[in-house]
Amino acid sequence: MFDRLTPRQRSYAAAAGIALISLGAGYGLSMLGEGGGGNDDAAAETGCEEVLYWYDPMVPDQRFDEPGKSPFMDMQLVPKCAGGEAQGGEGVSIDSTMVQNFGIRTSEVEFGVLEPETTVTGTLAYNGSEVAIVQPRAGGYVQRTYGHAPQDLIARGAPIADLLVPEWGGAQNEYLAVAGTGDEALIQAARERLRLLGMPESVISSVARSGRPQSTITVTAPQSGAITALGVRPGMTVMAGQTLAEISGYSPIWLEAAVPEALAGSARVGQPVSATLTAFPGDRFSGRIIAILPSAQDASRTITVRAAMPNPGLRLKPGMFAQVTLAPERQEALLVPSEAVIRTGERTLVMITQEGGGYRPAEVRIGREAGGRTEVLAGLAAGEKVVVSGQFLLDSEASLAGIDVRAIDKAPSTAGEGETQKEADKPRTYRATGTIERITARSVTLRHGPVPALEWPAMTMGFATEGPAQLRGFQRGDRAAFTFVQARSGPRIVSIRKTGE
């Protein structure tokens, strides 16, 4: 039949035969590949004796039969090795070569001092506790002013205005007439009348010495500061109690910082703060928080924290903008690297190493975070090791293997060998010496020296006390040796005595 075909038909037949032969060869090779152990080659490359399946650690429930790029993320699929579960099903076991390939690193849980710094913005303001209102004690006429204007600086005792008080003239003449009688009772009564008319004692004494009435008085500044309001001009008629001027002090000056509501718990009265201003680059100004205002700002959701700062030379001006750093409360805590923490939304986990090998997830309760470290409030013990790199992969493995998460209350005790749990829970006591700066009913402020055990430098800070009886006999300026503990609420005095006793 092939001989009876035309040349064109012979060409078509030959091409069809070649196509059938190629298709058959390709099918045979593919069947050979499936039975020849392609996965064995992939398993050898990954270090696994046998690969059960491949998966994406971000989507661990989706399994794949062959390696390749994940359809969900821009990353390669990860092999699931046979025998990956630890004995007893309580942890994830990873081959030593895989540990190096996955870059798994661990860090020991340890106690340390966490110093979370809070940086916010603030503005300088007049010292609201040092405001003087200048008012005359009697009505009269303004005869003279001394050229002052609003926002002028004025010194204590500087003259502001001269007032003529007509009603003082008649009263002073009566006083001089009574003084001439020599009757002490009448003299004291007349003198008391002058006081009730608002006459200063200096004016009364001047009238008694000179024997002449004095109806003009000079109103002076009761304190130094800036004239924030001025309401007196020559020729005015003023009433008793009318405000002539308002003088505000700004040494020390107030610094009012806007602290976000979420960070309001990190601020406390007596806490040191520092500020930098664009007006003085390179300089840092220090102060202490004197008040935390009771209401929050609706628009910005911030709490206003007020600090008092020394202002030598009056360099700092009200209205200046400042970058404010709230100095941290130095407190010893159980710490782990922040990168070890896995936040799932419902709970917080870390991957811990087990004594018999392998890794297991553990639930923790965390607190503050600063400097790349996170405070652990519960769920871990000092000396345990947590995974800081590759923990998400291990967590996926644990989820696939159905490994239970260690509950917070199942964490081992921190007590060391030969130490009871009661002794481990007892706060550690520290010793220091210092000078008493301030005493209140429930606290004492001490300027103390360094505390090496806590890595504290010399500084001034407040300590809680057990009550007034603990500080009976002490006063400001006394040198004292004291012991204290670092309670959760802050440092607290355990014992205190005067140096040398």
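## Strands β4 and β23

In this predicted model, strand β4 (residues 105-108) pairs with β23 in the antiparallel sense. The pairing runs over 4 bridges. Ser-107 stands opposite Val-386 in β23.

Strand β23 spans residues 385-389. This strand is mostly covered, with 4 of its 5 residues buried.

## A four-strand open sheet

An open sheet is built from 4 strands. Their order is β10-β9-β7-β12, and the pairing is antiparallel. Strands of a sheet pair through backbone hydrogen bonds.

The edges belong to β10 (216-220) and β12 (237-238). Each has a single partner strand, so one side of each lacks a neighbour in the sheet. For β12, strand β7 (residues 140-145) pairs with it in the antiparallel sense over 2 bridges. Here Tyr-141 has Thr-237 of β12 as its bridge partner.

## Helices α4 and α5

Helix α4 (residues 166-179) packs on α5 at an angle of about 165 degrees. Their axes are 9 Å apart. Angles over 145 degrees count as roughly antiparallel, so α4 is roughly antiparallel to α5. The crossing of α4 past α5 is left-handed.

On the α4 side, the contact uses Ala-171, Gln-172, Glu-174, Tyr-175, Val-178 and Ala-179. On the α5 side are Leu-186, Ile-187, Ala-190, Arg-191, Arg-193 and Leu-194. By class, the contact of α4 with α5 holds 8 nonpolar, 1 polar and 3 charged residues.

## Helices α5 and α6

Helix α5 (residues 184-196) also meets helix α6 (residues 201-210). The two axes come within 10 Å and cross at roughly 140 degrees. The pair is therefore oblique. This time the crossing, α5 past α6, is right-handed.

Which residues of α5 meet α6? They are Arg-191, Leu-194 and Arg-195. Their counterparts in α6 are Glu-201, Ile-204, Ser-205 and Ala-208. The contact of α5 with α6 divides into 3 nonpolar, 1 polar and 3 charged residues. Arg-191 and Leu-194 of α5 take part in the contact with α4, and Arg-191 and Leu-194 also meet α6.

## The whole chain

The protein chain contains 8 helices and 28 strands. Of its 501 residues, 38% count as buried.

Contacts in the chain can also be sorted by sequence separation. Among those between residues at least 6 apart in sequence, 67% join residues at least 24 apart.

How values were computed:
Residues are numbered from 1 along each chain as its sequence is written. This is a predicted model: local features need pLDDT of at least 70, side-chain atom pairs count only at pLDDT 80 or more; totals for chains, interfaces and linings use all residues. Side-chain values use heavy atoms; hydrogens and water are left out. Axes are lines fitted to C-alpha atoms, for helices over the stretch in contact, and angles run from 0 to 180 degrees between N-to-C directions. Angles under 35 degrees count as roughly parallel, over 145 as roughly antiparallel, 65 to 115 as roughly perpendicular and the rest as oblique. A crossing is left-handed if the near helix is turned anticlockwise from the far one by less than a right angle, and right-handed if clockwise. Contact means heavy atoms within 4.5 Å. Ala, Val, Leu, Ile, Met, Phe, Trp, Tyr, Cys and Pro count as nonpolar, Asp, Glu, Lys and Arg as charged, and the others, Gly among them, as polar. Two strands pair if DSSP finds at least two bridges between them. Buried means under 20% relative accessible area, exposed over 50%, partly exposed in between (1.4 Å probe, protein chains only).
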